[in-house]
Amino acid sequence: MKSLSTVSRRDFFTLATAGLSLANPSVLFAELRRELPSEARPSMNPDQALRDLLHGNLRFVKGQTLAPRRTPADFSRLAAAQHPEAVVVSCADSRVAPEILFDAGVGDIFVVRIAGNVIDGAGVVVKGSIEYAVAELNVPLIMVLGHSGCGAVKAAKHLIEDKGSLPGAINGLVELIEPAVIQSKGESGDALANAIKKNVEIGVARLKELEPILAPRARDGKLKIVGATYDLHTGTVDVV
Ligand SMILES: [Zn+2]
C-alpha cells in the first residue's frame with residue numbers, strides 16, 4: 001500500500017479542491033477498503049467514493065499503482081453480483097481508460113464511454129445506463145470526466161468556426177457539443193480547455209436535474225454528481 005506521507009502539496013490541493021482532507025480517518029478507511037474484495041467491503045457514501053477515486057488517481061500519477069482485484073479469483077468472486085462505487089462517464093478516447101487512471105479493480109467502476117463524454121442530447125442509451133447504475137446498483141457517485149485535447153470538442157469548435165460539416169453520424173454527435181463551445185466563448189485562457197470544462201459542466205447540470213431517478217437522490221445527498229478533467233500529459237484528474 002502506498003504511504004500517505006508521500007502525498008505532495010499539489011496532491012493535497014487536488015483533494016482539498018474536492019472538499020477532502022488527508023487528516024480525515026476516512027481517507028485511511030478508503031485506502032484500507034481498496035484492499036478488500038468488493039463483497040467484503042462496506043458500502044461507501046458519496047464522499048468516500050470520490051476520495052477513493054482520487055486516491056487511486058494519485059497512485060496512478062506517481063507510478064505507485066496497486067492494480068487491485070484483477071486476478072481470476074477476483075473475476076470469479078464478482079460473477080454473482082456487482083457493487084461498483086462510482087459511475088464514470090468518460091470520453092471513448094483510447095487514452096482515457098477509467099479503471100487504469102483510477103487504479104481500480106474489476107467491479108469498482110461502472111463505466112459509460114462515449115465520444116466527447118456527451119450527456120445532454122445523447123438520448124436514452126446514455127441516460128438509461130447511468131440511471132440503471134444508480135437505481136439498481138445504488139452507486140453513490142457519478143463523475144463526468146472530460147480530458148485535455150479532446151478531439152470531439154476540437155471538432156465542435158472547428159464546426160462552429162469553419163461552418164463546415166462532418167461525414168456520417170459524426171456530425172450529429174459533434175453538434176451536441178457546440179453549446180459548450182458557444183457558452184465558453186469570451187472566457188479568459190485557452191479556448192479549447194474552456195470548452196472541454198464547459199462540456200463537463202453541462203453534463204453535470206443535466207444529470208443533476210434528471211428526473212425521476214437522479215435528481216431526488218442528488219437533492220437528498222445520497223448521490224454526488226461531479227465533473228472532472230483528465231490531463232493527458234500528467235495523468236492527473238482534477239475535479240472542476
Ligand atoms: Zn475526447
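Helices (H or I, at least four residues) and strands (E, at least two) are taken as DSSP runs, numbered from the N terminus. On this basis the protein has 11 helices and 5 strands. The structure is a predicted model, in which local features need pLDDT of at least 70 and side-chain atom pairs count only at pLDDT 80 or more, while totals for chains, interfaces and linings use all residues. Residues are numbered from 1 along each chain as its sequence is written.

Of the 240 residues in the protein, 39% are buried, that is, with 20 or more other C-beta atoms, placed from the backbone, within 10 Å of their own. A nonpolar core is a set of buried Ala, Val, Leu, Ile, Met, Phe, Trp, Tyr and Cys residues joined through C-beta atoms within 7 Å. The largest such core has 55 residues, and Ala86, Val87, Val89, Ile142, Met143 and Ile177 have the most contacts inside it. Helix H3 (residues 46–62) gives the most to this core, with 7 residues.

Helix H7 (residues 151–162) has 12 residues and should span 16 Å at 1.5 Å a residue, which agrees with the 16 Å between its end C-alpha atoms; the expected span is 1.5 Å times one less than the number of residues. Its buried residues are Ala152, Val153, Ala155, Ala156 and Lys157. Helix H8 (170–175), helix H9 (178–183) and H10 are among the elements that cover them, where contact means C-beta atoms, placed from the backbone, within 7 Å. Just after H7, Lys163 takes a positive phi of about 50°.

In H10, the buried residues include Ala195, Ile196, Lys197 and Lys198.

Note on methods
Buried ≥ 20, exposed ≤ 12 C-beta atoms within 10 Å, placed from the backbone. Contact = placed C-beta atoms within 7 Å.
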